[in-house]
Amino acid sequence: MLEARLELSLGELELRLDLSVGAGEVLALVGPNGAGKTTTLRALAGALRLDAGRIALDGRVLDEPARGTFVAPEARAVGMAFQDRLLFPHLTALDNVAFGLEARGLGRLAAQARAREALARVGAGGLAGRRPAALSGGQAQRVALARALVLAPRLLLLDEPLAALDTLAREALRDELRRQLAGFAGATVLVSHDADDAKALATRTLHIEAGRVES
Amino acid sequence: MSRAPRLLLVPALVAAGLIGVPLVALVVRAPWPELSRALAGDEARNALGLSLVCSLSATALSLVFGVPLAWLLARVDFPGRRLLRALVTLPMVLPPVVGGVALLLAFGRRGLLGGALGALGIQLPFTTAGAVLAETFVALPFLVVAAEAGFRQIDPRFEEAAAVLGAKPGFALRRVTLPLAAPALRAGAALCWARALGEFGATITFAGSFPGRTQTLPLAVYLALEHDPDAAIALSLVLLVVSVAALVALRDRWLGA
């Protein structure tokens, strides 16, 4: 269960957003460029600090400036698939997925074994040895999804998971995402500029513009 | 390809000749039959060994202290950053002999820090450690400049992604930032090493020219020119070969165009 009241300023953007996402629920944030969608995800992940407000996940406070509470991103139970994938170019698909596990102190072989399973679960088992440069957009997004899911997060953040794909890859990935989200026990927040994608994947949609919910 | 106007062609050829003719002369006039004798001498072997030790030590010091400095300059916005960058790159344009004088005034027996170092039993001028220090002073900026450019080329979102995936800053540095910067670090280290190997002015000023202790290859060349020109030419050839090798190692970065 994610409960968040976000207040933060970043450049031109003034973000004022209340979110509540239950376990198993998928909230889609839809809006134009610059509406604050990615900024919201970065705040939830801990890459940005709130100016005011509060983020709590399963009752644990992650960010609350008024009380001086801030949990570093690496200590949050959050998995994120980034806009533009951001797969590490010097690592294979397998090592990209194993990265978060190794960062948490898991041994290399154990991390790779679990990464291999995670890749297989998103239909990317055959890509383990490839570098990101040798992956298509759809393949890269599958690897990025596996990299987020392998951490068994309580909160899954998906930033434009279907952007920059051709129609065929987009259809296939949309089905895959729907399957994965149906089986995911935690809360999910996904960001899209495409209302159809949001409708297909989310249980609930919020339209935001200029950092606020559009009524 | 456009046709070159004659007005440009002549000075361009002069420029190429200016650099090319002396290098060709060095190769043509080298006492090839005498080469092994000249290089086998104690003086040459000592100078060569000392040069390798000093230049590799200077490169190692530059990596240990220069890479963190380059990262700070590239990634952290602190007051005085531009000033610090200018200061660190200054030795690239400063006459090396001035660097040597400055080192004496800082670490010499009566220098700014000389007293404190002396109390600890550390003496730097006219020692091998002093030669390493002089080479580091001159060569460090080459590494810092290359490494900073390398760090700047990395999309900072990769580091953010690493943190969100669970990497503490040290882990992200080791597993993401440094590997992505590795080509720039290698090029910087090669350039730094080549500069350290050829260092003359700061070394002779600060460390003197004691055979086996501070007389590196360039100093030995200069001194040998008077009493054993063949040895001087042979040692020069060694330095030329090393420089060409460094350039070849860097060719993809600099000569790729």
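This is a predicted model: local features need pLDDT of at least 70, side-chain atom pairs count only at pLDDT 80 or more; totals for chains, interfaces and linings use all residues.
Strands β10(A) and β11(A) form an antiparallel pair joined by 2 bridges. Within the pair, A:Glu209 has A:Arg212 of β11(A) as its bridge partner. The hairpin built from β10(A) and β11(A) leaves 2 residues between the strands, and A:Ala210 there adopts a positive phi near 50°.

**The sheet of chain A**

In general, the strands of a sheet pair through backbone hydrogen bonds, and they may do so in the parallel or the antiparallel sense.

| Strand pair | Sense | Bridges | A bridge pair |
|---|---|---|---|
| β8(A) and β9(A) | parallel | 5 bridges | A:Asp159 with A:Val191 |
| β10(A) and β11(A) | antiparallel | 2 bridges | A:Glu209 with A:Arg212 |

Strand β8 of chain A covers residues 155-159, and strand β9 of chain A covers residues 187-192.

**Helices α4 and α5**

The crossing of the two helices is right-handed.

Which residues of α4(A) and α5(A) meet? From α4(A) come A:Gly137, A:Gly138, A:Gln141, A:Arg142, A:Leu145 and A:Leu149, and these meet A:Ala169, A:Ala172, A:Leu173, A:Glu176 and A:Gln180 in α5(A). By class, the residues of this contact of α4(A) with α5(A) comprise 5 nonpolar, 4 polar and 2 charged.

**Two domains in chain A**

Chain A is divided into domain 1, made of 1-77 + 153-215, and domain 2, made of 89-151. The C-alpha centres of these two domains of chain A lie 22 Å apart. Their contact draws 11 residues from domain 1 of chain A and 12 residues from domain 2 of chain A. On the side of domain 1 that touches domain 2, the largest share, 5 residues, is provided by helix α5 (residues 167-182) of chain A. That side of domain 1 of chain A has 8 nonpolar, 1 polar and 2 charged residues.

**The contact between chains A and B**

Where chain A meets chain B, 17 residues of chain A and 14 residues of chain B take part in the contact. On the side of chain A that touches chain B, β7 and α2 (93-103) of chain A each supply at least two residues. Which element of chain A gives the most to this side? The element is α2(A), with 3 residues. The side of chain A that touches chain B divides by class into 11 nonpolar, 3 polar and 3 charged residues.

Terms used: Residues are numbered from 1 along each chain as its sequence is written. Chains are lettered from A and ligands numbered from 1 in the order in which they are written. Two strands pair if DSSP finds at least two bridges between them. Helices (H or I, at least four residues) and strands (E, at least two) are DSSP runs, numbered from the N terminus. Domain bounds come from an automatic or database domain assignment. Two residues are in contact if their C-beta atoms, placed from the backbone, lie within 7 Å. Ala, Val, Leu, Ile, Met, Phe, Trp, Tyr, Cys and Pro count as nonpolar, Asp, Glu, Lys and Arg as charged, and the others, Gly among them, as polar. A crossing is left-handed if the near helix is turned anticlockwise from the far one by less than a right angle, and right-handed if clockwise.
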